[in-house]
Amino acid sequence: MTRSQPRRARGTVGHANSALNLRLVLALFGLVVMAVFAVLAFAADVAWLGVVCALLAVVAVVDLVVIQRRRAARRREEPGVRHSLFE
């Protein structure tokens, strides 16, 4: 079993479970958007919406950490291999 895929996942190193680079881009987008929305919500005195957006930004940060760990494991397993956005 490879370490870059979650346990009991159907994907392998040759056929990835998910497109990690695409997930990275989407998580970064979500982090930026939710952080901006949280700031705007707090500036507009809508605290509950700001808290929700801040929590979603934290979820995006956790997702970024998970994605980076899986990318690092994939890089260790396949040294020198470059992956496109959709691999």
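Is Arg23 exposed, partly exposed or buried? In this predicted model, Arg23 is partly exposed, its relative accessible area being 25%.

## Overall architecture

The chain contains two helices and zero strands. Of its 87 residues, 24% count as buried. The accessible surface amounts to about 6,400 Å², and carbon and sulfur atoms account for 67% of that area. Among contacts between residues at least 6 apart in sequence, 64% join residues at least 24 apart.

According to the UniProt record, an unreviewed entry, the annotation "transmembrane region" covers residues 20-40 and 46-67. In the model, residues 20-40 are 100% helix and 0% strand, with end C-alpha atoms 30 Å apart. Residues 46-67 are 95% helix and 0% strand, and the C-alpha atoms at the ends of that stretch are 32 Å apart.

Helix α1 consists of 24 residues and reaches 34 Å from its first C-alpha to its last, close to the 34 Å expected at 1.5 Å a residue. Helix α2 has 31 residues, which should span 45 Å at 1.5 Å a residue; the end C-alpha atoms of α2 are 45 Å apart, in agreement with that value.

The buried residues of α1 are Leu20, Asn21, Leu24, Ala27, Met34, Ala38 and Ala41. Their cover includes α2, which runs over residues 47-77. In α2, the buried residues are Gly50, Cys53, Ala57, Ala60, Leu64, Ile67, Arg71, Ala73 and Arg74, and the buried residues of this helix pack against α1.

## Contacts between the helices

Two alanines illustrate the packing. Ala27 is located in helix α1, which covers residues 20-43, and it counts as buried because its relative accessibility is 7%. Leaving aside residues up to four places away in sequence, Ala27 touches Ala60, Asp63, Leu64 and Ile67. The C-alpha atoms of Ala27 and Asp63 are separated by 6.7 Å, although the two residues lie 36 residues apart along the chain.

Ala60 belongs to helix α2 and is buried, with a relative accessible area of 10%. With residues up to four places away in sequence again excluded, Ala60 touches Ala27, Gly30 and Leu31. Between Ala60 and Ala35, 25 residues apart along the chain, the C-alpha separation is 10.0 Å.

Arg71 is also placed in helix α2. Why does Arg71 count as buried? Its relative accessibility is 19%, and the cut-off for a buried residue is under 20%. Beyond residues up to four places away in sequence, Arg71 touches Leu20, Asn21 and Leu24. The side chain of Arg71 also makes a polar contact of 2.8 Å with the side chain of Gln68.

## The salt bridge

The structure holds one salt bridge. In it, the side chains of Arg23 and Asp63 meet at 2.8 Å, N to O. Because Arg23 lies in helix α1 and Asp63 in helix α2, the pair ties together parts that are 40 residues apart in sequence. Side chains of opposite charge can pair when their charged atoms come close. Asp63, like Ala60, has a contact with Ala27. Asp63 counts as partly exposed, at 26% relative accessibility.

## The loop between the helices

Asp45 is situated in the loop between α1 and α2. This residue follows α1 and has a positive phi. The phi of Asp45 is near 60 degrees, in a residue other than glycine. Most residues other than glycine have a negative phi. With a relative accessibility of 71%, Asp45 counts as exposed.

## Accessibility of selected residues

The residues discussed above are collected here.

| Residue | Relative accessibility | Class |
|---|---|---|
| Ala27 | 7% | buried |
| Ala60 | 10% | buried |
| Arg71 | 19% | buried |
| Arg23 | 25% | partly exposed |
| Asp63 | 26% | partly exposed |
| Asp45 | 71% | exposed |

In summary, the chain has two helices and zero strands. The buried residues of α2 pack against α1, and a salt bridge joins the side chains of Arg23 and Asp63.

Key
Residues are numbered from 1 along each chain as its sequence is written. This is a predicted model: local features need pLDDT of at least 70, side-chain atom pairs count only at pLDDT 80 or more; totals for chains, interfaces and linings use all residues. Side-chain values use heavy atoms; hydrogens and water are left out. UniProt positions are given in the numbering used here, feature names are shortened, and annotations may be inferred rather than shown by experiment. Helices (H or I, at least four residues) and strands (E, at least two) are DSSP runs, numbered from the N terminus. Buried means under 20% relative accessible area, exposed over 50%, partly exposed in between (1.4 Å probe, protein chains only). Contact means heavy atoms within 4.5 Å. Accessible areas come from the Shrake-Rupley method with a 1.4 Å probe; for residues, only the protein chains shown count as cover. The expected span of a helix is 1.5 Å times one less than its number of residues. A polar contact is a pair of N or O atoms within 3.5 Å; within protein, one must be able to donate a hydrogen and the other to accept it, and residues adjacent in sequence count only if both atoms are side-chain atoms. A salt bridge is a side-chain nitrogen of Lys or Arg within 4 Å of a carboxyl oxygen of Asp or Glu.
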